[in-house]
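Work through the exercises below with the model open. Try each task before reading its solution.

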Amino acid sequence: MKFTFHTDEGHGWMEVPLSMVEDLGLQTEISSFSYINGQTVYLEEDCDAFQFIRAFKLKHGYQPEFEEKFTPVSFVRNFARFKHAV
C-alpha cells in the first residue's frame, strides 16, 4: 500500500483515510498537529505518522510505501485540526 506524504518548507503530513485511522484504533491518539478534511486525515510527520506506520506494520506485517509531494506552502495547513471526537 502506498501513501502520499505532503511536505512544505516547514513540515510534513502523511495522507491517510480516516477509516484506516479508526481501523487501527488510533483516533484518540492523534494530536491536534494533524489535520482532517472530510474523510481524509493528514498525520503530522513527527509523532502521528510514526504511530500510524507502527500500527499499520503490526497489523499488516509490512511497511507502507510513500510518495512525496512538495510545495513551498502546503494546502494541508488550510484544513481543520484533527479532534479526538471525530
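Helices (H or I, at least four residues) and strands (E, at least two) are DSSP runs, numbered from the N terminus. The model is predicted: local features need pLDDT of at least 70, side-chain atom pairs count only at pLDDT 80 or more, and totals for chains, interfaces and linings use all residues. Residues are numbered from 1 along each chain as its sequence is written, and side-chain values use heavy atoms, leaving out hydrogens and water.

**Exercise 1.** Find the largest nonpolar core and the elements that give two or more residues to it.

*Solution.* Collect buried (under 20% relative accessible area, 1.4 Å probe, protein chains only) Ala, Val, Leu, Ile, Met, Phe, Trp, Tyr and Cys residues, joined through side-chain atoms within 4.5 Å. The largest such core has 19 residues. Met14, Val16, Val41, Leu43 and Phe52 have the most contacts inside it. Next, assign elements: strand 1 (2–7), strand 2 (12–17), helix 1 (18–23), strand 4 (40–44) and helix 2 (48–60) each give two or more residues. Helix 2 supplies the largest share, five residues.

**Exercise 2.** Which residues does Leu43 touch, not counting those up to four places away in sequence?

*Solution.* Apply the contact cut-off, heavy atoms within 4.5 Å. Leu43 then touches Gly12, Trp13, Met14, Val16, Ile30, Ser34, Asp48, Ala49 and Phe52.

Note on methods. Buried < 20%, exposed > 50% of the residue type's maximum accessible area, 1.4 Å probe, protein only.
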